[in-house]
Amino acid sequence: MFKKAWLLLNYKQQKYATFIFALIFLAMILECLSIAIVLPLISILLKGEIDTSFFSYFFAFGKPAGKNLIYIGLLITLIIFLLKNLVLIFNLWQQTKFLRNLQLELTNRLFKYYLKSDYIFFLQNNSAHLYRNLTDIIGTFVSYIKGSMVFLGEIIVFIGIAFVLFNVDFLGTTIILFSVGIDSFVFYVLTIGKISLLGKQRNIFGAELNKHLLQGMASAKDVKILDREDDLIHQVDKNLFKMTRIQQIMNFITGLPRLSFEMLIVCAFTVLVLVMVGIKKDMLDIIQYLGVFAVASFRIIPGVSRILN
C-alpha cells in the first residue's frame, strides 16, 4: 500500500517527502538528547555531582562544581530542548505545506481528467461517486500519507528513545517496553477488524449521502414536481445517522490507547520500583532512573497512541 502511494507522487513530491524524513531523523536525534540529558541533570540536582553514565559527557568540559554545575546543566538542557522544538516546529510547517500542496495537485489533476473525459464517461459513472472521489477519497489519501509520515516518524523516535533507555537501565526498559508492546499488540488485534469494517461502511454510506444531497440540491425542481421531498429527507436522515454513528465509534476507539497506556505506565513504574527496591538499589538512583523514564514516557505514550490510530 505504501509503495503504491509513493508511486502516485511525482518526482518533486518524492524529493520533498525525502527532505521531510531527513527532518524527522534530525528530530529523533534531538528527542533522544532531550531525554538523555535528564539523567546527568537529575544527578546534579540530587547529588551535586555528575553521574558516571555515558550521557554525563555533556557536562565534562571545564570541571564545573557547585552552583556553576547546576547553571551549566540547566543551560545545556534549555539549549537542547530549544533546538528540538525549533526543529519540530519547522518540520511541522514543512509537513503541513507538503500535505496542502499534495491535496491541491491531486484534486486539480483528477478534476481535469474528469472534465476532459467524453460524455459517455459521465453516463457510465455516478456523479455522486465522482464528487466523492474529488473530496472524500482524495482527502482520505492525503490523510493516509499524513498517517504514514506520523507512523514512520514515531517508529524512528521510538527506536532512538529505546536505545537511550537501554543505556540508562536495561531491566527497567525491558519491563516498560514489554508492557507497552503487549498492550499495543492486544489493542491492535482486537480493533483492526472492527476499524476496517467501519471504514468500508463509512465509504458506502458516504456515497449514498452525497448522492441524495446532490439530488436534493441539483435537481430541486424535479424533486418538487415528483413530490419526493419526504423520501429524500428520509434517505438523508438515515445515511447521516449511520455516518455519524460510525464516526462516533471510530473516535471512541481511537481515544482508548491514550487512557489505557497511562494506566499501563503507572503499573509498569510500580513494578519497576519494586524490582529496584528488591535488588537494593540506592534510593537516589531509583529517583534518578524514574525521572528519566517519566520524561521518556511523556514522549512514548502519545507516540504509541498516534501509531495505533
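Residues are numbered from 1 along each chain as its sequence is written, and side-chain values use heavy atoms, with hydrogens and water left out. In this predicted model, local features need pLDDT of at least 70 and side-chain atom pairs count only at pLDDT 80 or more, while totals for chains, interfaces and linings use all residues.

The protein chain has ten helices and zero strands. Helices (H or I, at least four residues) and strands (E, at least two) are DSSP runs, numbered from the N terminus. The pattern along the sequence is α-α-α-α-α-α-α-α-α-α. Of the 309 residues, 38% are buried. Buried means under 20% relative accessible area, exposed over 50%, and partly exposed in between (1.4 Å probe, protein chains only). The accessible surface, from the Shrake-Rupley method with a 1.4 Å probe, is about 18800 Å². Carbon and sulfur atoms account for 69% of that surface.

Four aromatic pairs were found in the whole structure. Rings of Phe, Tyr and Trp (its six-membered ring) pair if their centres lie within 6.5 Å; planes under 30 degrees apart count as stacked, over 60 as edge-to-face and the rest as tilted. One of the pairs joins F19 and F90. F19 sits in helix α2 (residues 11–36) and F90 in helix α4, 71 residues apart, and the pair links distant parts of the chain. F19 is partly exposed, at 36% relative accessibility. F90 is also partly exposed, at 39%. The rings of F166 and F170 are 5.2 Å apart at their centres, with planes at 35°, so this pair is tilted. F166 is partly exposed at 33%, whereas F170 is exposed at 57%. Y16, F19, F90 and F98 form one aromatic cluster.

The second largest pocket holds about 220 Å³ of space. A pocket is an open set of points on a 1 Å grid over the protein atoms alone, where a 1.4 Å probe fits, with protein on both sides within 12 Å along at least five of seven lines; lining residues have an atom within 4 Å of a point. Points are joined across faces, edges and corners, and the volume is the space filled by probe spheres set on them. The lining includes L8, R109, Y113, N133 and F141. Helix α4 (66–115) and helix α6 (127–168) each give two or more residues. The most come from α4, with five.
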